[in-house]
Amino acid sequence: MYTRITKSGPRRYLQLVEGYRDDNGKVKQRVVASLGRIDQLEAADLEPLIHGLQRAVGRPESLPEAPRFDTARAFGDVWAMHQLWQELGLDEALKRALRSSRRQFDAEALIRAMVFNRLAAPSSKLGVLEWLREEASVPELDHATIHHKQLLHAMDALEEHKADVERAVAAQLRPLLDQELSVIFYDLTTVRIHGTATVDDDLRRHGLSKDTGGIGRQFALGVVQTTEGLPIAHEVFEGNVAETRTLAPMIERLLERFALKRVVVVADRGLLSFDNIDTLEALGAEQGLAVDYILAVPARRYIEFTELMERLHPELAAAVTDERVDVVTETTWQGRRLVVAHNAERAAEQTATRRATIEQLDALGEQLASRLDRQDAGEAGRGRPSTDRSAYQRFYKAVLDKNMRRFVKADLTSTRFSYTIDEEARAAAERLDGKLLLVTSLDDMAADAVVERYRSLADIERGFRVLKSEIEIAPVYHRLPERIRAHAMICFLALVLYRVLRGRLKAAGSPYSPEKMLKSLRQIQRHTVHVGSRSYEGLTRPSQEQLDLFEAAGVEVPKDPC
């Protein structure tokens, strides 16, 4: 049995023909079935017949042509972030804040995609475009129609409606806060930035980098966080701003967004100034709020506590029972409550480090003096003869490099090289070793609880590390101030998602961090295969580990579109 094409005028027909022998043994053919005009037949009409015949003879069904596979796209991680984004209400909040009849694209969808990119595969805006087109499948987003200018215009819209966006985000986060008493943590970091040109109102300034300790072009980013680790506000400052000038504006804006009855501000050493303290107290008086603070005394001001430590240190040292555990006491300073914590283990480390450094400088001084003495005695030495002035220069530079000028003093006015070690200054410094000094307005919180609250500030520093590592906020290549601020807002929203995920995983007892969770879920991919004229879509089947992660994060498992 076989097929045959016959003609009838201009038309061509497909027939199923059978060969047989007649009674005389002559070979003949007869039409078993006419399958129709070829110009009217489609592959879909013949495939069932082909497959049926193959099944009849016990053969595997062959495909009319080899399947074609599109590039698989990461889906599980962006699905989880999308579900969380919707659950927090950020989708509707941003749509309302960014609503515009003039805009020809969905700004919220593009902002959402850029936020997800910071957590999935941080890259430039051109990199985001490549990620969307070739690597990821973001729900509710038409990847094929997006272009680079739309991403930039979405950032401009974000900055243009910044106040509306911030209020909208605050409204979504407000239910997660304790409205009666909110302890908030504030800290400032610096963010490296690219480029040398200047523009009007430039945020890019040269300042002391918190990453390298050197001078670099940067902007400053302040973040407010709750005790649960949830970021609730941020602000961008010029790269050379003084830390003490950033706290008051940040708290004022926070009080505008959140109807809090009492706020306890916890901030690091760089933010302690009497201006900040006075401003915080004035804010409370003006708005009828209880605005309290826990501020650490910066190390540069510890010298002001020399006399106080002469009295307190013996008591604290005598109370130590476990060198790893803080001993806490309190007193007053400048009319304000001062909480002092002493950690004997930390004190021993600091004292040993200082003593070793002073011993090194003392050995260098003895070496220089000995060489000068040998020269005076007429002994020949290697190299050029040394002088008292060159010895002073070398020794003084070493003292400055080790930051030991308070303790090792070279007598630059003497004609002969000499130096002294100030034992009184060294003893005073050792009494301050291992100390944490906190100024606070809280009268109803125990001293050890004040210390514990301050220690929690380390969590916001971990948040900065997330911004700079997983989210990769730096280096920034944007030139315009509004784009820099929009970039900071996108990274801030990514940090919000990260911290919410972290909280859920922790509450579920999962050993996974958000970055490890997203890396695992990224292996769930969206696949598209084309067979003939038909296309099929499907998802990688989740493993048990991935199912457990969806459950821990409180996110629905994605359903296969097939």
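## The largest pocket

The largest share of the lining of the largest pocket, three residues, is supplied by helix α11, where a helix is a DSSP run of H or I with at least four residues, a strand is a run of E with at least two, and both are numbered from the N terminus. This is a predicted model, in which local features need pLDDT of at least 70 and side-chain atom pairs count only at pLDDT 80 or more, while totals for chains, interfaces and linings use all residues. Residues are numbered from 1 along each chain as its sequence is written, and side-chain values use heavy atoms, with hydrogens and water left out.

The pocket has a volume of about 880 Å³ and is lined by 27 residues, of which Ala 299, Tyr 302, Gln 350, Arg 354 and Asp 433 lie nearest its centre. On a 1 Å grid over the protein atoms alone, a pocket is an open set of points with protein on both sides within 12 Å along at least five of seven lines, a cavity is a set where a 1.4 Å probe fits but cannot get out, and lining residues have an atom within 4 Å of a point. At least two lining residues each come from α11 (344-376), α13 (423-432), β16 (435-440), α14 (447-455) and α15 (458-468). By class, the lining of this pocket has eleven nonpolar, four polar and twelve charged residues.

## The largest cavity

The structure holds one cavity of 30 Å³ or more, and the largest cavity has a volume of about 70 Å³. Its lining consists of Glu 166, Val 169, Ala 170, Ile 232, Ala 233, His 234, Arg 257, Met 489 and Phe 492, with α7 (162-173), β9 (231-238) and α16 (481-507) each supplying at least two residues.

## A three-stranded sheet

Three strands form an open sheet in the order β1-β2-β3, with antiparallel pairing (two strands pair if DSSP finds at least two bridges between them). Because β1 (2-8) and β3 (27-37) stand at the edges with a single partner strand each, one side of each is left without a neighbour in the sheet. Strand β2 (residues 11-21) is joined to β3 by nine bridges, and Tyr 20 stands opposite Lys 28 in β3.

## Two crossing helices

The axes of helix α2 (residues 76-87) and helix α4 (residues 107-120) come within 10 Å and cross at roughly 125°, with axes fitted to C-alpha atoms over the stretch in contact and angles running from 0 to 180 degrees between N-to-C directions. That angle makes α2 oblique to α4, since angles under 35 degrees count as roughly parallel, over 145 as roughly antiparallel, 65 to 115 as roughly perpendicular and the rest as oblique.

Technical notes
Points joined across faces, edges and corners; volume = space filled by probe spheres on them. Nonpolar A, V, L, I, M, F, W, Y, C, P; charged D, E, K, R; others polar.
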